[in-house]
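The sequence and the structure come first.

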Amino acid sequence: MERRHVFDSTSELAAAVCGYIARDSAQAKARGQRYALALAGGATPRLLHVAMVSSQWVKTFCWDEMEFFFGDERMVPPDHRDSNYRMAYETLFSRAPIAPEHIHRIKGELTPAMDAAIDYEKQLNRVLTPLDDGVPQFDLVLLGLGSDGHIASLFPDTDILNERKRWVAATYVPKLEAWRVSLTLPVINRARKIFVLITGESKSDIVASVFNDASSADLPVKRLAPHGELHWFIDSKAARRIAATA
Ligand code: 6PG
């Protein structure tokens, strides 16, 4: 199932995402289960984190049942300005009643990056219940979208796009001249829900390509083929060039 949600403002977009997470985490609690989510990196998720810890929403989540993971990480220490963990700590973890043992960090300080990938895959397997095909299942994977169509650290023309055995892999990104560690497509596509959060005029071109242009099939984001639900949360600035027929 795939749905596109377009919002006039980023605050409305963040509120809609909070509503889904609040309800789904409560349903997981009612089932006596944990709610495992992978946070997105980059800047966009800030607006969601700020909403989650706002007085309007902070009491609506079942924080004790939530297990926080990351979709990807830059290979830097956790206090580095580029660290996805640092952004999440500053905007979410330090402002919500989340026990440290419920936060599962990709250790960007490890070298080589493969060591961080191996460590993180062990964390995944400790906390998540692998399904019958052995793939660990997240309740929710949150993603942003890069202007080149990348998701997590799955960049165009990189080998990680074809990884089918590992759940987590290290990937060298030539355009960034940097290593990253990322969830791979088998794990991302196994999630019960995938939310792609896209805001701002700067993303209107890539959004138009994704929704209007059939030739965009080779973009990493077009590899999303979830077993569960795929929801696009897009603000009106990023969505302004989506064709009416798309
Ligand atoms: C990262 C992210 C990456 C991000 C997109 C969008 O670590 O950078 O995982 O995939 O989601 O690049 O980034 P912005 O939200 O900053 O536009």
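The largest cavity is lined by L39, A40, P45, L48, H49, L142, L143 and L197. The model is predicted, so local features need pLDDT of at least 70 and side-chain atom pairs count only at pLDDT 80 or more, while totals for chains, interfaces and linings use all residues. Residues are numbered from 1 along each chain as its sequence is written, and side-chain values use heavy atoms, with hydrogens and water left out.

A cavity here is a set of points, on a 1 Å grid over the protein atoms alone, where a 1.4 Å probe fits but cannot get out; lining residues have an atom within 4 Å of a point. Grid points are joined across faces, edges and corners, and the volume is the space filled by probe spheres set on the points. The count is 1 cavity of 30 Å³ or more, and the largest cavity holds about 40 Å³ of space. Helix α2 (45–52) and strand β5 each contribute at least two lining residues. The largest share, 3 residues, is from α2. Sorted by class, the lining has 7 nonpolar residues, 1 polar residue and no charged ones. In this scheme Ala, Val, Leu, Ile, Met, Phe, Trp, Tyr, Cys and Pro are nonpolar, Asp, Glu, Lys and Arg are charged, and the others, Gly among them, are polar.

Helices (H or I, at least four residues) and strands (E, at least two) are DSSP runs numbered from the N terminus. Strand β5 also belongs to an open sheet of 6 strands, ordered β1-β9-β8-β5-β2-β3, with parallel pairing. Because β1 (2–7) and β3 (66–70) are at the edges with a single partner strand each, one side of each has no neighbour in the sheet. From one strand to the next the twist averages 20°, with axes taken as lines fitted to C-alpha atoms and angles running from 0 to 180 degrees between N-to-C directions. Two strands pair if DSSP finds at least two bridges between them. Between β1 and β9 (residues 229–235), which run parallel, there are 6 bridges. In this pair, H5 is opposite F233 of β9.

The whole structure has 13 salt bridges, each a side-chain nitrogen of Lys or Arg within 4 Å of a carboxyl oxygen of Asp or Glu.

| E90 | R86 | 2.8 Å |

For accessibility, buried means under 20% relative accessible area, exposed over 50%, and partly exposed in between (1.4 Å probe, protein chains only). E90 and R86 are 4 residues apart in helix α3 (residues 84–91), which means about one helical turn separates them. E90 is partly exposed at 32%, and R86 is partly exposed at 28%.

D133 is partly exposed at 40%, whereas R190 is buried at 12%.

R192 is partly exposed at 39%, while D139 is buried at 10%. Elsewhere, salt bridges with shared partners join R23, D24 and K193 into one network.

Notes
1 Å grid on protein atoms, 1.4 Å probe; cavity = no way out; pocket = protein on both sides within 12 Å on 5 of 7 lines; lining within 4 Å.
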